[in-house]
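Here is a short tour of a fold, written for someone who likes to know the cut-offs behind each term. Please keep the viewer open as you read.

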Amino acid sequence: MTHVKICGFQTAEPAIAAIEAGADSIGLVFVENARRQLTLEQGHELLALFREEVGPAAVEIVTGDARVQMEAEAARNQLQRFDILAVDAFSSEAIPIHLLTRECLDTYWRHLRPEGLLLFHISSESLNLEPVVEGLAHRSNRRALYIPNQADPAQGVSAASWMLL
């Protein structure tokens, strides 16, 4: 069974729309200086609004660097077994390059099901990350697919570039 999690919500309305469209879970970003960062207080307020509209749900708040947290979970043999893991951390001027290493990629693969998909949001004004992700795919004996998305301001859609492994 496929499990879809969508992260980065800042208001309840799009989170509710994601669930209504078929997402199994949502995620909130608490990382300092992240583009979609929420404070813990904002996160709790958003979850309260969400529960009013959708009902009770299991909530797990994990603070800190996602790579460090995922490595710790793997060390405890608490693998997530995701169907899809989207890494969306490269659109700011400060690129967290440690999330694009072979070691980090190994951690991602450990948390994915064998048939799982790994997505990288590579929209960056600073660096062309496509060849970096291509190299990671090659080292993992995986294929990479570049997926560009054009902006549609009338629909509130921003341009984005993704790589799928």
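## Ground rules and overall layout

This is a predicted model, in which local features need pLDDT of at least 70, side-chain atom pairs count only at pLDDT 80 or more, and totals for chains, interfaces and linings use all residues. Residues are numbered from 1 along each chain as its sequence is written, and side-chain values use heavy atoms, with hydrogens and water left out.

The protein chain holds five helices and six strands; helices (H or I, at least four residues) and strands (E, at least two) are DSSP runs, numbered from the N terminus. Along the sequence they follow the pattern β-α-β-α-α-β-α-β-α-β-β. Of the 165 residues in the protein chain, 33% count as buried, where buried means under 20% relative accessible area, exposed over 50%, and partly exposed in between (1.4 Å probe, protein chains only). Among contacts in the protein chain with a separation of 6 or more, 55% join residues 24 or more positions apart; a contact means heavy atoms within 4.5 Å.

## The four-stranded sheet

Four strands form an open sheet in the order β3-β4-β6-β5, with mixed pairing; two strands pair if DSSP finds at least two bridges between them. The edges are taken by β3 and β5 (145–149), each with a single partner strand, so one side of each has no neighbour in the sheet. On average, neighbouring strands are turned by 20° against each other, direction ignored. Axes here are lines fitted to C-alpha atoms, for helices over the stretch in contact, and angles run from 0 to 180 degrees between N-to-C directions.

Inside the sheet, β4 and β6 (residues 160–164) pair in the antiparallel sense over three bridges. Phe 120 has Met 163 of β6 as its bridge partner. Helix α4 packs on the sheet, where it touches β3 and β4, and its direction makes about 130° with that of β4.

## Two nonpolar cores

A nonpolar core is a set of buried Ala, Val, Leu, Ile, Met, Phe, Trp, Tyr and Cys residues joined through side-chain atoms within 4.5 Å. The largest one has 22 residues, and those touching the most other members are Phe 90, Tyr 108, Leu 118, Phe 120 and Leu 165. At least two residues of this core come from each of β3 (82–87), α4 (102–111), β4 and α5. The largest share, four residues, is supplied by α4. A second, separate core of 13 residues includes Phe 9, Ile 16, Leu 46 and Leu 47.

What does Leu 165 touch, not counting residues up to four places away in sequence? Its contacts include Trp 109, Leu 118, Phe 120, Val 133 and Ala 137.

## Helices with a buried face

In α5, the buried residues are Val 133, Leu 136 and Ala 137. They cover an arc of only 100° around the axis, which puts them on the same side of α5; the arc is that of the directions from the helix axis to the C-beta atoms. An α-helix has 3.6 residues a turn, so residues three or four places apart point the same way. The buried residues of α5 pack against α4, β4 and β6, while His 138 and Arg 139 are exposed on the other side of α5.

Helix α3 (residues 66–75) buries Arg 67, Met 70, Glu 73 and Ala 74. These lie within an arc of 125° seen down the axis, so they line one face of the helix. Their packing partners are β3 and α4.

## Loop residues worth a click

Is Ser 124 buried or exposed? Ser 124 counts as buried, at 18% relative accessibility, and sits in the loop between β4 (112–121) and α5 (130–139). A polar atom of its side chain lies 3.1 Å from the backbone nitrogen of Leu 127. Leaving aside neighbours within four places in sequence, Ser 124 is in contact with Phe 90, Ile 95 and Leu 129.

Two asparagines also deserve a look. Asn 77, in the loop between α3 and β3, has a positive phi near 60° and counts as exposed at 62% relative accessibility. Asn 141, in the loop between α5 and β5, has a positive phi of about 55° although it is not a glycine. At 73% relative accessibility, Asn 141 counts as exposed.

Terms used
Polar contact = N/O pair within 3.5 Å; in protein donor to acceptor, adjacent residues only side chain to side chain.
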